[in-house]
Amino acid sequence: MATQALHSAMVDSGGINREHMVQARLMQAVSLALTRGEDLSETMTQLSDYSRAHFLSEEVLMRLYSYSNYLAHQQDHERMVEWLDELLAKKGEQVAMAHAIQELTAIFLRHIGSHDVYLHDFLADLSA
Ligand SMILES: [Fe+2]
Ligand SMILES: [Fe+2]
């Protein structure tokens with residue numbers, strides 16, 4: 001199920017969705033590196049840095065257009081940043097990392113499929 005949702009996120013196109021595709025690919029790269037027992041440091045740092053920048057870009061858009069659901073959306077970003085920090089702190093703990101990346105992927109995909117879809121629709125309506 002997560003793979004199918006990941007695929008949906010990856011085949012999406014346009015503006016913000018391209019950034020979600022990059023996030024999905026980075027999460028997949030982390031999972032793959034974990035499965036292969038490779039060093040995760042660089043991919044994890046890329047996922048973390050990219051996600052933070054992406055969240056900020058959405059927050060700028062939400063503030064710019066006085067998006068009414070800003071607070072709930074921004075708080076969800078905050079929770080994901082906390083998860084990313086926890087994940088970075090687990091480096092070297094393979095089993096804990098595997099569990100955490102699975103949960104984080106599910107959380108990211110839930111966010112993309114809810115908060116980000118609402119924001120995308122809101123922004124699309126603005127330009128219609
Ligand atoms: Fe978002
Ligand atoms: Fe997003």
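Trainee: Is Y67 buried or exposed?

Mentor: The model is predicted. Buried means under 20% relative accessible area. Y67 has a relative accessible area of 8%, so Y67 is buried. F122, by contrast, is partly exposed, with a relative accessible area of 24%.

Trainee: How many aromatic pairs does the structure hold, and how is such a pair described?

Mentor: A pair of aromatic rings is described by the distance of the centres and the angle of the planes. The structure holds 2 aromatic pairs. F55 and F108 form one of them, with 6.1 Å from centre to centre and 45° between the planes, a tilted arrangement. This pair links distant parts of the chain, with F55 in helix α3 and F108 in helix α5, 53 residues apart. Both F55 and F108 are buried. In the pair of Y67 and F122, the ring centres are 4.8 Å apart and the planes stand at 55°, so this pair is tilted. Y67 lies in the loop between α3 and α4 and F122 in helix α6, so the pair ties together parts 55 residues apart in sequence.

Trainee: Which residues coordinate the iron ion (ligand 2)?

Mentor: Its donors are H20 (NE2), H54 (NE2), E58 (OE) and D116 (OD), at 2.1 to 2.3 Å. Four donors count as tetrahedral if all angles lie between 85 and 135 degrees. Here the angles among the 4 donor atoms are 79 to 165°, and the site is irregular. Along the chain the donors follow the spacing H-x33-H-x3-E-x57-D. H54 belongs to helix α3 and D116 to helix α6, so the two tie together parts that are 62 residues apart in sequence. Both H54 and D116 are buried.

Trainee: Which residues coordinate the iron ion (ligand 1), and how far apart are the two iron ions?

Mentor: The iron ion (ligand 1) is coordinated at 2.0 to 2.2 Å by E58 (OE), H73 (NE2), H77 (NE2), H111 (NE2) and D116 (OD). The iron ions (ligand 1 and ligand 2) are 3.3 Å apart, and E58 coordinates both. With E58 in helix α3 (residues 41-64) and D116 in helix α6 (residues 115-126), the pair therefore ties together parts 58 residues apart in sequence. E58 counts as buried at 1% relative accessibility, and D116 does at 4%.

Trainee: What span should helix α5 have?

Mentor: At 1.5 Å a residue, the 20 residues of helix α5 (residues 94-113) should span 28 Å, and the end C-alpha atoms are 28 Å apart, which agrees. The buried residues of α5 include F108 and H111.

Technical notes: Residues numbered from 1 in each chain as written. Chains lettered and ligands numbered in written order. Predicted model: local features only at pLDDT ≥ 70, side-chain atom pairs only at ≥ 80, totals over all residues. Heavy atoms only, no water. Donors = N, O, S within 2.8 Å, 3.2 Å for Na, K, Ca; no water. Helix = DSSP H or I, 4+ residues; strand = E, 2+ residues; numbered from the N terminus. Buried < 20%, exposed > 50% of the residue type's maximum accessible area, 1.4 Å probe, protein only. Expected span 1.5 Å × (residues − 1). Tetrahedral: all angles 85-135°; square planar, octahedral: opposite > 155°, others 65-115°. Phe/Tyr/Trp six-rings, centres within 6.5 Å; stacked < 30°, edge-to-face > 60°.
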